[in-house]
Amino acid sequence: MPTLSRRAFIGLGGAAAVGTGLSWRRLSGLDIPGRNTNALSIAINGTAQDAAANQGLIDAFNKVHPDIPVRITPIQGADWSDFFAKILTLVAAGTAPDVVMVATEGTQLFADRLAYPLDEYVMRDKADMQEFFDDVHPSLIESFMYKGNLFQLPLSWNAANIYMSSKAMQRAELDYPATDWTWDDFRSYIASMRKSATGSFRPFFWTNRLFGGVVPWLYTNNTNFIKPERFSGGEWLWKQFYPRQTGRSGGFRWEQPNAEDPKVVDTFEYIQDLIAENLASSPVQGGGNELVGRFSQGVIGMTPAGGYWVYGLQQAGMRRTDYDVAYFPRRTTQQQSFGAAGYAIMRSSKMKDAGWEWLKFCVSKDGMRIAQKHPDSSSARRSYNTELYQDAGPTHWQAFYDTLDKFPTTAPIPAPPQEAAVETALIKNVVNAVTGSRKNVKVALGTLQRDLELALAGE
Amino acid sequence: MSATASTLTPGRPVTVHPERATTFKDQNRRAQGRMAAWFLAPTVIGITLFTLIPMAASIVLAFFSWDIISAPRFVGLRNFQTIATNPTIRVSFLNTFGFVVVAVILQLVVALGLAVLLQTKMPGWLRGFLRSAFFFPLILSAASVSLIMSYLFNEDFGTVNKMLALVGLGPVKWLTTAAGAMVVIVLVYVWQNFGFTFLLFIGGLSSIPTDVYEASSIDGASGWSQFVRITLPLVSPTMLVASVMAIISALQIFDQPYVLTRGGPGDATRTAVMVIYQSAFTELHFGLAAAIGLVLMVIIMLATWAQFKLSRKFVFYM
């Protein structure tokens, strides 16, 4: 058995101690810029590269506010729920950030438990803010209201539109659809695509998730799997910034499970038929990265996506004319759906005023130009959205923002404070509902109803 | 060696008195004890900090309701009541048990079959290659493997369905039907994990004396008869170890169903550990997650205890 002399042992121990001492700053994270300082801490859902890409934004912000040091902390989440869980871990550890990037999926969770309402700041700086609100559609603002208070300012958003492969359209001799095309029109479109195609071509491909899954179909059938209701309140904002708007609320209220509504059943049966007729794929799990590749290869005819796809398709080598975008077809209404993202200030923050300055700077046109250089999400500002897409988007790129203008009742994906549990319940029951037998639709939706009741009750 | 005297340097005798020798011995023993304590300290501290304390905290947490944001609230046995009544949790345990039965049997059969085949005559390089090839999947990340498998088993564009189409079969709804999804998960899991069991069996088989087989051949035993009457009994101690480890590992399955199906369709492939993850990190029910973990730990302990009890009847030690 090899032996270790006392001298060698002490020597090794000393070397280990010296090594630890020399690398202490790295081991303890003291060398991270801005760590343990009074910097405004901002958490984003992304990688270190994403944080580095925001350095330009920090530099520009510091030119205006040299007294507010900023540190952006990238937190990688597999999806928004994962990101929010990690933020909550930081909160539990007593190291909560001051400002967090929050998507629609987490808006009500943060508003209910963690975020600070922006009402006083918005009203304090109403003269500055008017220009922002003039450039932003009220539906985006309404989606960030909760119980009458405003919790976020939208930076980017995406509607669930229909992307169409030009090759598949031409092969099937199809024209661009009418604005008010119907579910029946859609069905005949994808049937024509199927007829004219060979091999493993899939006329309609979709992913099983909250955004772009069954929700747009439910909305266009004037229903949803949670009863769409609104909170009262919010008049302070509407009167001040959108005086001509009527019927706006204090935010979307998602409290009553509605999975057994006849219109929900009707929607699932329609989708089930598309799958049974081999026109649509069984909904697959995933975030859609693979889908960009498939679509650019021309093996998919149509799929739901938003403005965020344009840059991905560009990178995949698609030209503007290789694809186009249209609104979701109508059944009983043509109410569209979207998801948005923006910064929220944490209630626990001791730098709320500085956080507000950051929010204000980020929603300024200059801030947006620095933060978003590519057409990888629709901009909340109509004017900047035009700048992003007019030279890069498909022929009907205006459809992105016009989704809100043409269909003013367009609403966010249903995301109550218990969104993670709700999304889990939805995803797990959708496949059963649309891939089984016809009578299985009601059974699966009954299970969804039960799971939603448990999720919304917080059990 | 005598306790009264010893020679430390050749040619130079040193006389040691018995009482002083005892003192030296004691000092030496104490010094060794201190040295052992120093060497063990990092491990003991690590296990205490990162295993024992979290385990104790987890057991305590099982009786609380905690969502990270608010302070924990004592709820007594309510979390265990939820485990008994919540249909998703119940189904996930049943799925886990079903998976364990199928996957462990398949894993043991495949590993033993291949280990026995590798004992037959073949070139040394081929044997070495096959051993490495069978073991190789084990060193891959389960999440990466599952991600790749999700592409292979994709209903529309997957390679597996394309291959089946070449012979006029399919397309098979691998990941969107309950049966298909469970088959894929079992296959992926067994493919990735049988390598370790296989190595255990290789070791077990090589320890069986060849003269036992030679003697049975002289007595006219066939290959099958030798397998059933010699190989299986003599490899049974290895089988016990392999099955204990396989069952413990299979009861904790998470990566494959999480990446391939997220537990779907419906709850068809949801497992106990998935529900723990989901309860804690998705739904923020940390107390419930701790309670499910505690139940799973008890099940694993019972399964292992039962296996060792049964082994008295079925395991043959040479």
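In this predicted model, 27 residues of chain A are in contact with 22 residues of chain B. On the chain A side, the elements giving two or more residues are α5 (80–92) and α21 (419–435). α21(A) supplies the largest share, 9 residues. By class, this side of chain A has 11 nonpolar, 11 polar and 5 charged residues.

**Chain A overall**

Chain A holds 22 helices and 15 strands. Its radius of gyration is 25 Å, close to the 23 Å that the globule rule gives for 459 residues, so chain A is as compact as a globular protein of that length. Along the principal axes, the C-alpha atoms of chain A fill a box of roughly 80 × 70 × 50 Å. Of the 459 residues in chain A, 49% are buried. Take the contacts in chain A between residues at least 6 apart in sequence: 79% of them join residues at least 24 apart.

**Domains of chain A**

Chain A is divided in two. Domain 1 covers 40–158 + 340–388, and domain 2 covers 160–338 + 410–457. The centres of the two domains, taken over C-alpha atoms, are separated by 26 Å. Across the boundary, 31 residues of domain 1 are in contact with 32 residues of domain 2. On the domain 1 side, the elements that give two or more residues are α6 (104–113), α8 (126–135), α9 (138–143), β4 (145–146) and β6 of chain A. The largest share of that side, 8 residues, comes from α6(A). The residues of the domain 1 side divide into 9 nonpolar, 13 polar and 9 charged.

**Strand β13 of chain A**

Strand β13(A) spans residues 337–345. This strand is mostly covered, with 9 of its 9 residues buried.

| Strand paired with β13(A) | Residues | Sense | Bridges |
|---|---|---|---|
| β3(A) | 99–103 | antiparallel | 5 bridges |
| β6(A) | 153–159 | antiparallel | 6 bridges |
| β15(A) | 411–412 | parallel | 2 bridges |

A:Val100 has A:Ala344 of β13(A) as its bridge partner. A:Ala159 stands opposite A:Phe338 in β13(A). A:Phe338 also stands opposite A:Pro412 in β15(A).

**Helix α20 of chain A**

Helix α20(A) runs over residues 399–406. Its buried residues are A:Ala399, A:Phe400, A:Tyr401, A:Thr403 and A:Leu404. What covers them includes the helices α9 and α19 (382–389) of chain A. The cover also includes the strands β6, β7 (161–165), β12 (323–326) and β14 (378–379) of chain A.

**Chain B**

Chain B is divided into domain 1 (19–61) and domain 2 (78–314). The centres of these two domains, taken over C-alpha atoms, are separated by 37 Å. Helix α12(B) covers residues 286–314. At 1.5 Å a residue, its 29 residues should span 42 Å; the end C-alpha atoms are 41 Å apart, which agrees. The buried residues of α12(B) are B:Phe286, B:Gly287, B:Leu288, B:Ala289, B:Ala290, B:Ala291, B:Ile292 and B:Gly293.

Methods
Residues numbered from 1 in each chain as written. Chains lettered and ligands numbered in written order. Predicted model: local features only at pLDDT ≥ 70, side-chain atom pairs only at ≥ 80, totals over all residues. Contact = placed C-beta atoms within 7 Å. Helix = DSSP H or I, 4+ residues; strand = E, 2+ residues; numbered from the N terminus. Nonpolar A, V, L, I, M, F, W, Y, C, P; charged D, E, K, R; others polar. Expected span 1.5 Å × (residues − 1). Buried ≥ 20, exposed ≤ 12 C-beta atoms within 10 Å, placed from the backbone. Pairing = 2+ DSSP bridges. Domains from an automatic or database assignment. Rg over C-alpha atoms; globule rule 2.2 N^0.38 Å.
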